Amino acid sequence: MFKKIMKGAHRKASRTEANDSSMYGFDPPGPGSNNMAVNHASRGPSSSPGSTTAQPHPPPPPPMYSVEPLPLFRDVSVSERHSLFLRKLQICCFQFDFTDTLKNAREKEIKRQTLLELVDFIQSGAGKLTELCQEEMVKMVSFNIFRCLPPASHENTGQEPADLEEEEPYLEPSWPHLQLVYELLLRYIVPSDTDTKVAKRYIDHSFVLKLLELFETEDPREREYLKTILHRIYGKFMVHRPFIRKAMNYIFYRFIYETERHSGIGELLEILGSIINGFALPMKEEHKLFLIRALIPLHKPKPIAMYHQQLSYCIVQFVEKDYKLADTVIRGLLKFWPVTNCTKEVLFLAELEEVLEATQTVEFQRCMVPLFQQIARCLSSSNFQVAERALFLWNNEHVVGLIAQNRSVILPIIFGSLEKNTESHWNQAVHGLSANIKRMFMEMDPELFEDCQQQYEEKQAKSKQVEEQRQDRWRRLDEAVEEREREDPMITS
């Protein structure tokens, strides 16, 4: 399915690339243009050969070959503002080297001031933009924001990738201009008077796909703008909704099964949290498949701590929407439960508590045996944070209610871990919490508690007997070896 998406996007991109030599309708600058290459401008409306039909809107102004200040919108007549708007867009299509702050400082400032004027003009609603202005503005935005992102530090050095949490984020040097371009795009999309029928011609699938690719940027400021803009596009352009969800699916699949590196997973999940909240009931099968195939496997990658809060919110939203999904979610968590990573275990336990709060009795009973077998292992963990977080489950009234209703199944599973904690755990907090939970069960059902105590003691006695038999066999084996050595001294030599 994604191949179809990419194929469609590629066809659109190819049509655009075919006009690269005259992109945006501006000719490239000549030799005497301060060496500022501009490969952008508006594409005029195409007409069939021999057609005499009048153009729906006038052609864009002639190209500008240098960055020079233009008059303010308020200094020209209303009839000239659209033409001035197009000329200002031309200035904003010039690209500069931001690694050198002194290079083209005057031109950079002119572009920045021009971008500010464009943002103010759009925000003020001083004049409704023509289709040509909208088309040229989206192309100017595309020319500025759609770019090759710098490689991650480990890709330059060939070293093993470091922990994403420990890495210093890369800050885009051209952000003073980029921020204003994003602000302009946001001011264009948000207003209610923006005609979606016209705008969707330019904010198309190809544009959305490139926007999603930008989420890989390491600059958190850019990702925040991208998150807001994509969320607005999803809300405003209903035609794009299935496409955006499928494209997000692909990003998650690639992150889970190939790269395990992506800076924008948290922001994408934040958008999804809002989307899931708006799902209608009964929930569509495609949404349930998305939960099973994308969201639950997102618990697998190592850098889960970077996006776990947003992921947990999405998972809980599904369970709150459809309580029958609780069993699926809990079994999915158990499938990806970490074995040696204590930090991830603490995160899983916190998420598990939130899921259990939205779980009903019937769904709980379906998965309680494997669930509390895992919780029992966490209770007896030598890492006090894991053991303590598992014990905190009994602070939740809803969880305690579920446990109380099914205590005859649950207590025998966890009793051994609680007993070992009270007997020998090194951490006093874990020791105390375990004793409190034992007391809670004892008050809840004295007979069951006594049976579990007796079974535990019998099991311990049997284990002790097995251990003694094992030690006895080893002792007899050692004696046999010593006897043979005495009978035949050549064995030792």
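**Loops and a bent helix**

Student: What is the relative accessible area of N104?
Tutor: This is a predicted model, where local features need pLDDT of at least 70, side-chain atom pairs count only at pLDDT 80 or more, and totals for chains, interfaces and linings use all residues. Residues are numbered from 1 along each chain as its sequence is written, and side-chain values use heavy atoms, without hydrogens and water. N104 is partly exposed, between buried (under 20% relative accessible area) and exposed (over 50%), with a 1.4 Å probe and protein chains only. The value for N104 is 24%.

Student: What is the phi of N104?
Tutor: N104 sits in the loop between α2 (81-92) and α3 (105-124). Helices are DSSP runs (H or I, at least four residues), numbered from the N terminus. Most residues other than glycine have a negative phi. N104 is not a glycine, yet its phi is positive, at about 55°.

Student: Where is E260 found?
Tutor: E260 is not a glycine either, and its phi is positive, near 55°. E260 is partly exposed, at 25% relative accessibility. Its place is the loop between α10 and α11.

Student: Is the peptide bond from L281 to P282 cis or trans?
Tutor: P282 lies in the loop between α11 (265-277) and α12 (285-295). Omega of the bond from L281 to P282 is near 0°. That bond is cis.

Student: Where in α16 does a kink lie?
Tutor: The bend at a residue is the angle between axes fitted to the seven residues ending there and the seven starting there. In α16 the kink is about 60° and comes shortly before the proline P370. It lies at M368.

Definitions and conventions:
Helices (H or I, at least four residues) and strands (E, at least two) are DSSP runs, numbered from the N terminus.
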